[in-house]
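I am opening my notebook on a structure that is new to me. I will take it piece by piece and write down what I look up.

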Amino acid sequence: MPQLPPSVPLSWYLALSLILFVLGIAGFLFRRNIITVFMSIELMLNAVNLSFITFSYKLKQVDGHIFSFFVMVVAAAEAAVGLAIILTVFKNRQTLEIDELSSLKN
Amino acid sequence: MQLWLIPLLPLAGFAVNGLLGRRLSKTAINAVAAGSVFLSFVWVLKTLSTLGVFGGGNPLEQAYVEHYFTWIQSGTLNIGVDFAIDRLTAVMLMIVTGVGFLIHVYAIGYMAHEGGYYRFFAYLNLFMFFMLTLVLGANFLLLFVGWEGVGLCSYLLIGFYFSEKFATDAGNKAFIVNRIGDFGFSLAVFLIAMHFGSLDFATVFGKVQSMPVESSAGWMTAIALLLFVGATGKSAQIPLYVWLPDAMAGPTPVSALIHAATMVTAGVYMVTRSSAIFLHAHGALEVVAIIGLATAFFAATMGLAQTDIKKVYAYSTVSQLGYMFLGLGTGAFSAGIFHVMTHAFFKALLFLGAGSVIHAMSGEQDLRKMGGLRKYTPITFWTLLCASVAIAGVPPFSGYHSKDAILASAYEYAPWMYWVGVFTAGMTAFYVFRAFFLAFFGEPRWKAAGHGHDDHGHSHGAPHESPPSMWIPLAVLAVLSLVGGYINIPKWLEPMFKLAPEESGIPWTAMVSVAAGVIGIALAAWFYLIAPAIPEGLARTFSTPYRWIYNKYFVDEFYDSLVVNPTVDGSRSLLWRVVDAGGIDGIVNGAGKTARNVGGILKRMQSGSIRSYAAWVVLGSIVVIVAITMAGGAR
């Protein structure tokens, strides 16, 4: 098992994970292009993956690895479906501006 | 011996006519309806002859019982579908199927021009099924099934002309008034099940008879009185008689079959069947006698002033049923059943004859618009004459024998009852012959009235005799009315009812009642043939009593103000406006309104903008996380 350099403490990894997650939320909430929103979601997933791995390493258990694999699989599937939806939306509406896609309201 | 075939044949007729009747021709409907009843009649005859009834010896000393299957089993209570035949049932079977068949034949002619032809015969067959179940049932519950079934058919057939408001009202009235009686009956059945642990006639009456004769427990009286409450409903006794006169709204064959010959005598049958219980409840028996006598008397007075020919006979039926209960109450059960039989003959004939008159007059029922029909409808004239002398109690015709047996028993019980009965017999003779003279003698009053155009489909000028399918049953019934009194029912029933008084006990009682009948006929002849001015003068002189009689003592009005109007008003102002509109609707509408208000607030979340949804998701997640943390973490 590869050893982490001792100079990098555990909390840094968690801090990185938190930063990535908050960035994801910010992108999810404030970006107006659907694809960017989509990428933000992926970013959040990966932030979570990072904290899974970190804890898994710290606790010397494989559960976190297994979880992150699951998350990757789901994310891949989600990307496939999501991109397909985005393509169809663009074909029909010629826009990816999220605020213009509000026809449910009416 | 397949007793079950007897009621099932008419049921099959009902099924065929009821389900397929719309597509069948009239001939086929006639064949099915009358044929099934005829087969049932034949099967009754065959069964009785197998049991040796028509031979010598002493047949049917014991009841013959057939058990088919267990219907209800609950704890120790075991109720089976059993049919039984004994001497009493044999008499009733003969009356129901025999007279029933004749009336079916008659109805073929009478209903020929009516709409709903197959429906009529389907109901009539269904009625036969229930009536036969009623008399064949070997326990109280099966009796009750038939009892309710005939009530249903009565309701359906009274309201047969359902487009007429008065007919449907009359049907409702009959049904609702009967509910009151049936409630008493069902309570009696519960009490019997409670005290005897069985509903089988054999078991119950066996237990009763093993008790000492003098014993008269309170609950036994209660059972007897509740049974009698049921009988007052079905057999139109005071205070529940009010439905029967209105029931004449139905077609005339229905009045003859259900409201004269068979169904209304179900109460008499039931009380006779339960005679063992009544004999151990002398108080109840006295109530039966007094109610019967009072009904006989008051119904006869009401019959005096009726102008509708069917109403006259309807009150006469109530009155004659009162006689039967007088007989039962004074202990002469066999005389009561004897009168059931003779009454079935002559009253069915009176109604069928009235129907023939109405047919001849093309739907007119008002006696004041008839008159002089003797020349136009000779067969109806002669047959109705037979029925009228029979009901008036003129010897040697049938009514004389049975009425005399009842009156003799009443005299032994209490002489004053006898005298009231004799006076009633005089009134009976009077009003029956009043109707007879008004219809057949005197000047024709129908030309002036412009008769002859109505729902019957005829528009001939003059009245006309009825077709053979109508007058042949009339003729058969006329013969039965004349000689039916020689079928010695009291003798036949003697093994069952040992208390029957000797027929020839007091000879002068019979003579007095015959004299009363003859005086009644003579008075009617004097009033309505010789001096038609007298009745009008009498009505003017005694205007107050006349008004009371003419309006039937205002009993209907009294019931309306005492029961019907409070019920209707209470339902309208309390149950409808407060409970239904306020309470139930309030709850339902309130639930709807609350849901809408909550939705009005929540719908603001549904902005339609994807980014606001995203914000909600984030917010929700934060709330969940905070909640879990506050609760102590996910452990």
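**Entry 1: contacts within chain A.** I started with the contacts in chain A whose separation is 6 or more. Of these, 46% are between residues 24 or more positions apart. I note here that I am reading a predicted model.

**Entry 2: the make-up of chain A.** I looked up the secondary structure next. Chain A has three helices and zero strands. Read from the N terminus, the order is α-α-α.

**Entry 3: the dimensions of chain A.** I checked how far the C-alpha trace reaches. Along the principal axes, chain A spans about 55 × 25 × 20 Å. I then took the radius of gyration, which is 18 Å for chain A. A compact globule of 106 residues would come near 13 Å. I also asked what share of the chain A residues is buried. The figure is 10% of the 106 residues.

**Entry 4: where the chains meet.** How many residues of chain A are in contact with chain B? I found nine, and they touch eight residues of chain B. I sorted the chain A side by class: six residues are nonpolar, one is polar and two are charged.

**Entry 5: chain B as a whole.** I moved on to chain B and its 635 residues. Its secondary structure comes to 25 helices and two strands. The C-alpha atoms fill a box of roughly 110 × 65 × 55 Å along the principal axes.

**Entry 6: the domains of chain B.** I looked up the domain bounds. Domain 1 covers 299–548 and domain 2 covers 557–630. I then looked up the distance between the domain centres, taken over C-alpha atoms. Domain 1 and domain 2 of chain B have centres 66 Å apart.

**Entry 7: one residue, B:Ala289.** Is B:Ala289 buried or exposed? B:Ala289 is buried, because 22 other C-beta atoms lie within 10 Å, and the cut-off for buried is 20 or more. I listed its contacts, leaving out neighbours within four places in sequence. They are B:Leu326, B:Gly329, B:Thr330, B:Tyr413 and B:Met417. Last, I looked up B:Ala289 against B:Ile584. The two are 295 residues apart in sequence and 49 Å apart in space, C-alpha to C-alpha.

Notes:
Residues are numbered from 1 along each chain as its sequence is written. Chains are lettered from A and ligands numbered from 1 in the order in which they are written. This is a predicted model: local features need pLDDT of at least 70, side-chain atom pairs count only at pLDDT 80 or more; totals for chains, interfaces and linings use all residues. Domain bounds come from an automatic or database domain assignment. Helices (H or I, at least four residues) and strands (E, at least two) are DSSP runs, numbered from the N terminus. The radius of gyration is taken over C-alpha atoms; the globule rule is 2.2 Å times the number of residues to the power 0.38. A residue is buried if 20 or more other C-beta atoms lie within 10 Å of its own, exposed if 12 or fewer, and partly exposed in between; C-beta atoms are placed from the backbone. Two residues are in contact if their C-beta atoms, placed from the backbone, lie within 7 Å. Ala, Val, Leu, Ile, Met, Phe, Trp, Tyr, Cys and Pro count as nonpolar, Asp, Glu, Lys and Arg as charged, and the others, Gly among them, as polar.
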